[in-house]
Amino acid sequence: MEPPTSSRLNSRKRRKDGSGPNGATELDGIPPKMSRRSLGLREPAPFSDEVEIDYSKPYIRVTYEEAMRGTPLDRPVRVYADGIFDLFHSGHARALMQAKNLFPNTYLIVGVCSDELTHNFKGFTVMNENERYDAVQHCRYVDEVVRNAPWTLTPEFLAEHRIDFVAHDDIPYSSAGSDDVYKHIKEAGMFAPTQRTEGISTSDIITRIVRDYDVYARRNLQRGYTAKELNVSFINEKKYHLQERVDKVKKRVKDVEEKSKEFVQKVEEKSIDLIQKWEEKSREFIGNFLEMFGPEGALKHMLKEGKGRMLQAISPKQSPSSSPTHDRSPSPSFRWPFSTKTPPSSPASRSRNESAVTYDISEDEED
């Protein structure tokens, strides 16, 4: 049983020496982990009328300094954020994330206005109130949802929900005959500003849909929606169907053009390869032809060698120079007086002359 005790001692030492996880120290740069009391991490956030509040304890607001220092786990800082949250998007989620991270221990309450208030003070919404409630419930930063939230916050509402701070962007929100509906909250020191996410808003999304209305109408008609469901007239329906067919034809033509371009490109590549191979083969053939039949080719050398061998075979063999000669001494020639003709030569000299003549002739033929 000794090894387990030693391992326990080592593990205790690591936990004691290192202030962070796995024995890490503050110098390692690992941020310390904080416990979060949030139901929204595992299940949808509950509605306010489903949450029990212990009213026996007195409601005492925490100051900004106390909230920043951190409050006990059983007394989180209750932050309230309200809005319409129509077409819930990343801008809404980022605003709620900022509200959740305002203080070390935050309980985020989100109020969603009803359809009646929204239509009266702001305008028509794409999603109804139940869809907007459900969208906010499933945001991971939300701990509690207030349905039918008031347009202007009253002291009674703040006390009922025991709200410490109200989070919203710092831009004055003029509505309901007021230059800023959060003016009294700011004066009471309960306002906690957040930053808006640029480039994304419900109005921007609606603007995109309205701008590309024909595209989305054709898209939904293609997916099986009827013209009545899309509030599209009979003429526009036929126009959209015709445009869809024209687009399909254009796409086919474009595909054919791309395929033909690819085919032509492949043919050009193959033709270039064939021309290069033909040029290489032609150069090789010409080189081989010149090596065989050129002025210094192998054929000429073969003919010369053949001629030399033939001449050696035809010409008689000369006697060795050491052998004694048996030729007779030439007889003295007799010249007739007043005659230009040479006297007849002897047979031996005649044969020598003929051999010389044949030798000369053969050399001429060779030249």
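Biologist: What joins strand β2 to β3, and how do they run?

Modeller: Four bridges join β2, residues 106–112, to β3, and the two run parallel. Strands count as paired if DSSP finds at least two bridges between them.

Biologist: Before we go on, what are we looking at?

Modeller: A predicted model: local features need pLDDT of at least 70, side-chain atom pairs count only at pLDDT 80 or more, and totals for chains, interfaces and linings use all residues. Residues are numbered from 1 along each chain as its sequence is written, and side-chain values use heavy atoms, with hydrogens and water left out.

Biologist: Back to the strands. In what order do the five strands of the open sheet come?

Modeller: β3-β2-β1-β4-β5, with parallel pairing. The edge strands are β3 (144–147) and β5 (191–194), each pairing on one side only. Helices (H or I, at least four residues) and strands (E, at least two) are DSSP runs, numbered from the N terminus.

Biologist: Which strands does helix α3 lie across?

Modeller: Helix α3, residues 90–100, lies across β1 (77–83), β2, β4 (165–169) and β5, at about 145° to β2. Helix α5 (129–137) packs on the sheet too, touching β2 and β3, and its direction makes about 165° with that of β2. Contact means heavy atoms within 4.5 Å. Axes are lines fitted to C-alpha atoms, for helices over the stretch in contact, and angles run from 0 to 180 degrees between N-to-C directions.

Biologist: New topic. How many salt bridges?

Modeller: Eleven, counting a side-chain nitrogen of Lys or Arg within 4 Å of a carboxyl oxygen of Asp or Glu. One joins K186 and D180 at 2.9 Å, N to O. D170, D180 and K186 are linked in a network.

Biologist: Is D180 buried or exposed?

Modeller: Buried, at 12% relative accessible area. K186 is partly exposed at 28%. Buried means under 20%, exposed over 50%, partly exposed in between (1.4 Å probe, protein chains only).

Biologist: What about E244 and R218?

Modeller: Their side chains meet in a salt bridge at 3.6 Å, N to O. That pair links distant parts of the chain: E244 sits in helix α10 (234–293) and R218 in helix α9 (213–222), 26 residues apart. E244 is buried at 19%, and R218 is buried at 17%.

Biologist: And what does UniProt list for residues 239–266?

Modeller: The unreviewed entry lists a "coiled-coil region" there; such annotations may be inferred rather than shown by experiment. In the model that span is 100% helix, with its end C-alpha atoms 40 Å apart.
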